[in-house]
Protein chains: 2
Amino acid sequence: MASQKCLVKGYPAPGPVTNSQIRIYSMRFCPFAERTRLVLNAKGIKYEVINIHLKNKPSWFLDKNPAGTVPVLETVQGQLICDSVITCEYLDEMFQDKKLFPADPFKKAQQKMLLEEFSKVIALIYKIPIGKSKGEDTSADEEELKGKFIKLNEVLVGRKTKFFGGDSVTMIDYLMWPWFERADSFGVARPLDAAPALKEWMKRMVEDPTVKATMFDSETHKAFLKDYFDGKPNYDLGL
Amino acid sequence: MASQKCLVKGYPAPGPVTNSQIRIYSMRFCPFAERTRLVLNAKGIKYEVINIHLKNKPSWFLDKNPAGTVPVLETVQGQLICDSVITCEYLDEMFQDKKLFPADPFKKAQQKMLLEEFSKVIALIYKIPIGKSKGEDTSADEEELKGKFIKLNEVLVGRKTKFFGGDSVTMIDYLMWPWFERADSFGVARPLDAAPALKEWMKRMVEDPTVKATMFDSETHKAFLKDYFDGKPNYDLGL
């Protein structure tokens with residue numbers, strides 16, 4: 001495998017994708033890019049990774065994605081796909097092995113509705129540690145987050161399934177997982193105590209072979225996030 | 001056809017869907033609900049409409065969608081689907097006649113990326129008239145909107161097609177149309193002058209039989225929006 005070290009401004013642009021099925025522009029600790037890497041790994045797609053220094057981007061990266069964010073997928077044909085959810089759905093449709101979204105349109109719509117609701121959880125998960133680092137009172141946000149976790153808990157309890165889409169891991173689980181992997185590191189683990197079924201789901205997710213092969217442990221996330229919230233992220237931490 | 005008048009608090013809950021393929025909870029002037037009605041009409045689906053008084057909702061409507069927004073779809077089996085984009089994609093997958101999203105996963109992803117970008121246009125289209133009604137200087141927002149319109153113009157020019165997904169109307173056109181239908185009524189038509197290809201697209205869209213059968217004219221929108229921005233929307237205007 002090539003170096004995982006992130007590419008910085010001035011580094012030459014990579015050539016076309018030739019030695020794999022697809023390429024992902026990523027950042028090792030980005031939860032949005034992790035969604036796409038989970039889907040790539042779960043589906044057994046042969047891919048290459050180019051990590052980008054998000055605070056000092058190579059100029060050619062903005063030609064790939066003017067928004068400058070990861071993940072971005074690049075195909076053998078040079079097609080570019082941005083946005084974490086769009087990349088995951090693209091991969092699921094393009095590579096038919098091990099479909100992750102349900103085939104049933106209603107069940108798929110249910111996953112998308114849950115995802116829409118979950119976007120509010122993501123916003124809170126960032127808001128709380130940022131507020132804390134500024135010495136603000138974040139108790140109202142923590143209470144709101146607890147309410148959101150309780151709702152997710154109710155979904156699991158109501159469905160009586162091990163995962164959100166049934167008794168095996170499907171797309172919705174992978175799309176939500178990266179923020180639960182970081183719950184402890186973000187300092188938002190306490191509101192989870194009110195959501196025991198959700199905590200059980202987290203334990204099951206950690207046992208999933210794809211999650212195991214993709215995730216970092218809490219200590220690594222904590223070390224990364226400490227520097228990140230200080231404005232000096234070390235994207236090559238541990239390399 | 002049953003009355004289109006909107007249902008208010010205290011009105012009894014409707015029974016299950018029996019006389020059509022699907023039901024939509026809507027509001028006649030809501031651009032988000034119009035997306036779903038455009039897709040229903042374009043695909044020739046037999047549906048029934050229940051319009052909801054969004055300022056004085058029947059309590060049972062919150063059981064259908066706790067967020068209280070339209071559109072909501074209800075199936076013969078009693079399944080409920082919320083969120084305009086999710087409902088449109090559900091309809092396109094459930095009813096196979098006249099597919100509106102491209103079958104090619106990359107072309108579909110392109111439409112979704114454009115839609116993601118368009119969500120910022122929607123935010124500005126509301127921000128400008130609200131700012132104007134408060135006597136604020138909205139010139140910076142209008143400039144930003146002009147830039148967004150120019151970008152959409154470039155997409156059309158670059159693709160050399162009549163519509164955003166090719167030479168016939170596809171999903172992305174219907175998902176963006178409702179706000180262009182209201183551009184004049186929202187007072188944001190001027191920034192369009194910098195986007196001639198986009199204006200040509202608008203002229204073509206007005207000629208589409210589905211758009212023709214679904215839209216209201218500018219005068220009606222203006223009358224509705226005047227009351228709406230005064231906080232007293234007349235959902236039954238013209239009935």
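Modeller: Rings of Phe, Tyr and Trp (its six-membered ring) pair if their centres lie within 6.5 Å; planes under 30 degrees apart count as stacked, over 60 as edge-to-face and the rest as tilted. This is a predicted model: local features need pLDDT of at least 70, side-chain atom pairs need 80 or more, and totals for chains, interfaces and linings use all residues. Residues are numbered from 1 along each chain as its sequence is written, chains are lettered from A in the order written, and side-chain values use heavy atoms, without hydrogens and water.

Biologist: Why is the pair of A:Phe29 and A:Phe216 called tilted?

Modeller: The ring centres are 4.6 Å apart and the planes are at 35°, so the pair is tilted. The pair links distant parts of the chain, 187 residues apart. A:Phe29 is in the loop between strand S1 (22–26) and helix H1 (31–42) of chain A, and A:Phe216 is in the loop between helix H8 (209–214) and helix H9 (218–229). Helices (H or I, at least four residues) and strands (E, at least two) are DSSP runs, numbered from the N terminus.

Biologist: What makes A:Phe29 buried or exposed?

Modeller: Buried means under 20% relative accessible area, exposed over 50%, partly exposed in between (1.4 Å probe, protein chains only). A:Phe29 has 2%, so it is buried. A:Phe216 has 22%, so it counts as partly exposed.

Biologist: And why does A:Lys160 count as exposed?

Modeller: Its relative accessibility is 73%, so A:Lys160 counts as exposed. A:Lys160 also has a positive phi of about 55°, although it is not a glycine. It lies in the loop between helix H5 (139–159) and helix H6 (171–181) of chain A.

Biologist: How do you know that the charged end of A:Lys108 sits over the ring of A:Phe101?

Modeller: The test is NZ of Lys or CZ of Arg within 6 Å of the ring centre and within 35 degrees of the ring normal. The charged end of A:Lys108 is 5.5 Å from the centre of the A:Phe101 ring. B:Lys108 sits over the ring of B:Phe101, also at 5.5 Å.

Biologist: What is the peptide bond between A:Val70 and A:Pro71, cis or trans?

Modeller: That bond is cis, with omega about 0°. A:Pro71 lies in the loop between helix H2 (61–64) and strand S3 (72–75) of chain A.
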